[in-house]
Amino acid sequence: MTVDSILEKDLVGNEWLTEEELRFLMTVTDEETLQKIYKKAYEVKAAYVDKVAYYRGLIEFSNRCIKNCLYCGIRYENSKTERFDMSRDDVLKMAKWAYEHEYGSLTLQSGERTDEGFVDYVVDLIRDIKKLSNNELGITMCVGEQSEEAYRRMREAGADRYLLRIETTNQELFEMIHPKDALHSFETRVNCLKSLRKVGFQVGTGVMIGLPGQTLDDLVNDILFYRDMDIDMIGMGPYVVHHDTPLGQRALELGIDSQKGKLERVQLGLKMIALTRLFLKDVNIAATTALQALDKLGREKGLAAGANILMPIITVPEHRAKYLLYDNKPCVDDNADQCKECLTRRVMSIGDRVGWKEQGNSQHYKKRIVK
Ligand code: 5AD
Ligand code: SF4
């Protein structure tokens, strides 16, 4: 098996990568060979989902969280994080801004809360945003593990998609990066993904890439999990250290956060995007902010390696610096107008166009519902 012989297959047409080929490509580290893989992934993207970047304006509306994921800066036990809840008016104001600036979709993201007040608040927001945009704005939810009933209510209020990352499909590793208690359970996470599908969402998941102890085989299995769960959209990015977290501390002690370590995680992140595109072809894949946290050009490199979704932050500047999942989050000093312009330049720099006013739903999902 050689990279060239694999890439000679008609992947743009009707041929598919085998699992064995996927495993082989995952071992490539030579930059020149990787560029060939990215190029092929970009061709597959152009053929299956078009050379269009769809925007999901990201509103981070609260950083309160009941969980304690060991890697995350807004975990419950991080007392250094100043907590905020955005007022309903502020969220609606941002949604209106997005609508008026021709965004096709929004993402509503927050830390996790499961109390009824929270779910009611979110359900009402979804309704109001749909109303103020004449039902035109697509809405992606990213508010963690909830009951099936809560998911159903969000779906019925009009939310279109839901993103819930599995973080890693290696269950042992999952347990190492979360506290060992009932609140942090791999099984619950998988069941939530099934509930999301059941209530009719376009379902998204993803993993962190380059976690301490994660192997290339784990990453291959992550892609196989996307396939087996029939996932519509994927949001994944490199693990980025947050210094005030238990995992961040350990990573710093292990010395994996050197410049070399960061470059390796960017490379792995781009390789994951490209191989997921080559293996699954028609799913939506995001070029995430975490890529840009480690590499200034991370997001455009993600688009060039096969991603087709961007999530420009539209959170008001006042709260941006408090929603810190990891260190060196980009764009915290910018406002929504600056982010829109900056990202659009990045999209055009690689020859894509922006899907203004288009929801950009997952082609994979569209095919599944007409089956
Ligand atoms: N590095 C990268 N991604 C992170 N997330 C949380 N903390 C980090 C980190 N330190 C991601 C998780 C979560 C999403 C909201 O943010 O994958 O699901
Ligand atoms: Fe909370 Fe999500 Fe951070 Fe975990 S990753 S602590 S659930 S915001």
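This text walks through a predicted model, from a helix pair to a ligand site and then to a nearby loop residue. Local features need pLDDT of at least 70, side-chain atom pairs count only at pLDDT 80 or more, and totals for chains, interfaces and linings use all residues. Residues are numbered from 1 along each chain as its sequence is written, chains are lettered from A and ligands numbered from 1 in the order written, and side-chain values use heavy atoms, without hydrogens and water.

Start with two helices. Helices are DSSP runs of H or I, at least four residues, numbered from the N terminus. Helix α4 spans residues 88–100, and helix α5 spans residues 116–132. They pack at an angle of about 35°, with axes 10 Å apart. Axes are lines fitted to C-alpha atoms over the stretch in contact, and angles run from 0 to 180 degrees between N-to-C directions. The crossing is right-handed: the near helix is turned clockwise from the far one by less than a right angle.

Which residues of α4 and α5 meet? From α4 come R88, V91, L92, A95, K96 and Y99. From α5 come Y121, D124, L125, D128, I129 and L132. Contact means heavy atoms within 4.5 Å. These residues divide into eight nonpolar, no polar and four charged. Here Ala, Val, Leu, Ile, Met, Phe, Trp, Tyr, Cys and Pro count as nonpolar, Asp, Glu, Lys and Arg as charged, and the others, Gly among them, as polar.

Now turn to ligand 1. Its surroundings include Y71, Q109, R165, E167, Y239 and V240, each with a heavy atom within 4 Å of the ligand. A side-chain N or O atom of R165 sits 2.8 Å from a ligand oxygen. A polar side-chain atom of E167 is 2.5 Å from a ligand oxygen. The backbone of V240 places a polar atom 2.7 Å from a ligand nitrogen.

V240 leads on to D257. Their C-alpha atoms are 8.5 Å apart, across 17 residues of sequence. D257 lies in the loop between α10 (246–254) and α11 (259–280).

Terms used
A polar contact is a pair of N or O atoms within 3.5 Å; within protein, one must be able to donate a hydrogen and the other to accept it, and residues adjacent in sequence count only if both atoms are side-chain atoms.
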